[in-house]
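User: Morning! Could you walk me through this one while I look at it?
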Amino acid sequence: MRITNARVTKTGLAAMTLAAALGGTVAVSAPASAAPTAPAVVQAAPQSQAVAAKRTAAQAIQWYSSRKGSTAYEGYCEKAARLSWARATHHPTAIDHWRSSDGARHTTGTPPKGAFVFWNISSAGHVGIADGKGGFWATSVKGKIGHATSVHYYSHYLGWKPGNSN
């Protein structure tokens, strides 16, 4: 990073912010006219305290589509839905998410792009992310992360809640 007359350039600030967000350290030097001293080191917050950037519906869908065919999240549909939106809010199961006060429940209409879509197919339920065209992305589509063209792919469709990064 370059400091000129004790002013940080935009490029330097962006680099420092990125390094801190990734858990790195950033060395900051004094202006050339200052007496030589040891560089100050700015420590970033631990990863557990880092705030994730909010995601868009397109980014949530991209999270799923980039993992198409993966079986890594089988049995963890709520976790996959949470990670797709980079959510801080955790629900133990999809049915807990559906029943929570975390967003208004809608039982009619085509779910908008990025909305959480829910089914009552087990005691834990199931959740995916709407594509905005009547279909969805989820785990357990033919045993892996995949896309289906209708929310009626599974029986016992419950409805949808708006997607978000809260």
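User: Where does Ala86 lie?
Analyst: Ala86 lies in the loop between α3 and α4 (94-99). Helices are DSSP runs of H or I with at least four residues, strands are runs of E with at least two, and both are numbered from the N terminus.
User: Thanks. What should I know about the model itself?
Analyst: It is a predicted model, in which local features need pLDDT of at least 70, side-chain atom pairs count only at pLDDT 80 or more, and totals for chains, interfaces and linings use all residues. Residues are numbered from 1 along each chain as its sequence is written, and side-chain values use heavy atoms, with hydrogens and water left out.
User: Back to Ala86, is its phi positive or negative?
Analyst: Positive: the phi of Ala86 is near 55 degrees, in a residue other than glycine. Most residues other than glycine have a negative phi.
User: And what is the phi of Lys142?
Analyst: Lys142 also has a positive phi, near 55 degrees, and is not a glycine. Lys142 lies in the loop between β7 and β8 (144-148).
User: New topic, helix packing. At what angle do α2 and α3 pack?
Analyst: Helix α2 (residues 57-65) packs with helix α3 (residues 77-85) at about 130 degrees, and their axes are 7 Å apart. Axes are fitted to C-alpha atoms over the stretch in contact, with angles of 0 to 180 degrees between N-to-C directions.
User: Which residues of α2 meet α3?
Analyst: From α2 they are Ala57, Gln59, Ala60, Trp63 and Tyr64. On the α3 side, they meet Cys77, Ala80, Ala81, Leu83, Ser84 and Trp85. Contact means heavy atoms within 4.5 Å.
User: How many residues of that contact are nonpolar?
Analyst: Nine are nonpolar, two are polar and none are charged. Ala, Val, Leu, Ile, Met, Phe, Trp, Tyr, Cys and Pro count as nonpolar, Asp, Glu, Lys and Arg as charged, and the others, including Gly, as polar.
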